[in-house]
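Colleague: I would like to go through this model and hear the grounds for each label. Please put it up first.

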Amino acid sequence: MTTLTIDIGNTLTKCAVFQNAEMLTCQSFERLEADHVRAILQQFCPDGYIVSSVADTPDFVDELLSEVKRVKFDHHTPLPIINRYETPETLGLDRLALAVAAARLAPQTATLVISAGTCITYDFITSQGEYIGGAISPGLQMRARALHEFTQRLPLVDLPDNIDYCGTNSTAAIQSGILKGALDEIDAKIVFFKEKNPSGKVFFTGGDKNYLVNSTKNRTFAVSNMVLIGLNEILQHNISQL
């Protein structure tokens, strides 16, 4: 079965085509256009599709894919995991897809998913396949913009691949505060998780993972396009009912 997954995020839109569990292609766009969807439809002729969006999905998506089976993704959609979140209607669909992907990649294993993008999110899944919640904090670029926009004199800085813990000038001090502060936060979350789940696995994903994944003190597994993997699992779990 060929499936199309679309993840419309705060910064980028990603589209991936799967053949069962195998990802055949993945494309990223700053803005999803109708021609992008037409090209995918013409090349792959998907049997089903699913969309996760932080905002409204463009009307042309459903119009162009009107002949393709759609799995509507919201907090009512049946999942291959158990959602224990107290307010499921407020849970970001991307975070839910990450939890499903983690359960797929590490079945019967407690997992922590760290996604570094516009925000840094932490999501916990038990070995019984239960999503129990997590945490949300500002992402790297958001931290940099906040320091610049909420002060009079601090500059907006670029983020290097690495930086010393002790900045010796204002730019380096801001960079250290952002990068090392985020790393300290991430390591603390991993320590908390590992104390409760010594054999658990930690997955790292998101657009800014390369800034962080190799600098953590703890072992993590870097996975690209994890939201799309989770979306495909949800689609596969539901499409036979359509």
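Colleague: Leaving aside its neighbours within four places in sequence, which residues is T5 in contact with?

Modeller: They are K14, C15, A16, F18, I50, L228, L231 and N232, where contact means heavy atoms within 4.5 Å. This is a predicted model, in which local features need pLDDT of at least 70 and side-chain atom pairs count only at pLDDT 80 or more, while totals for chains, interfaces and linings use all residues. Residues are numbered from 1 along each chain as its sequence is written, and side-chain values use heavy atoms, with hydrogens and water left out.

Colleague: Where does T5 lie, and why is T5 called buried?

Modeller: T5 lies in strand β1 (residues 2-8); strands are DSSP runs of E with at least two residues, helices are runs of H or I with at least four, and both are numbered from the N terminus. Buried means under 20% relative accessible area, exposed over 50%, and partly exposed in between, with a 1.4 Å probe and protein chains only. T5 has a relative accessible area of 0%, so T5 is buried.

Colleague: How many aromatic pairs does the structure hold, and what makes the pair of F124 and F192 edge-to-face?

Modeller: The structure holds four aromatic pairs. Rings of Phe, Tyr and Trp (its six-membered ring) pair if their centres lie within 6.5 Å; planes under 30 degrees apart count as stacked, over 60 as edge-to-face and the rest as tilted. For F124 and F192 the centres are 6.2 Å apart and the planes stand at 75 degrees, so the pair is edge-to-face. F124 sits in strand β8 (residues 119-125) and F192 in helix α5 (residues 170-196), 68 residues apart. F124, F192 and F193 form one aromatic cluster.

Colleague: Why is the pair of F203 and F221 called tilted?

Modeller: Their ring centres are 6.1 Å apart and their planes are at 50 degrees, so the pair is tilted. F203 belongs to strand β10 (residues 201-205) and F221 to strand β11 (residues 221-222), 18 residues apart. F203 counts as buried at 5% relative accessibility, and F221 as partly exposed at 28%.

Colleague: How does the radius of gyration of the protein chain stand against that of a compact globule?

Modeller: The radius is taken over C-alpha atoms, and the globule rule is 2.2 Å times the number of residues to the power 0.38. With 242 residues, a compact globule would have a radius near 18 Å; the protein chain has 19 Å, which agrees.
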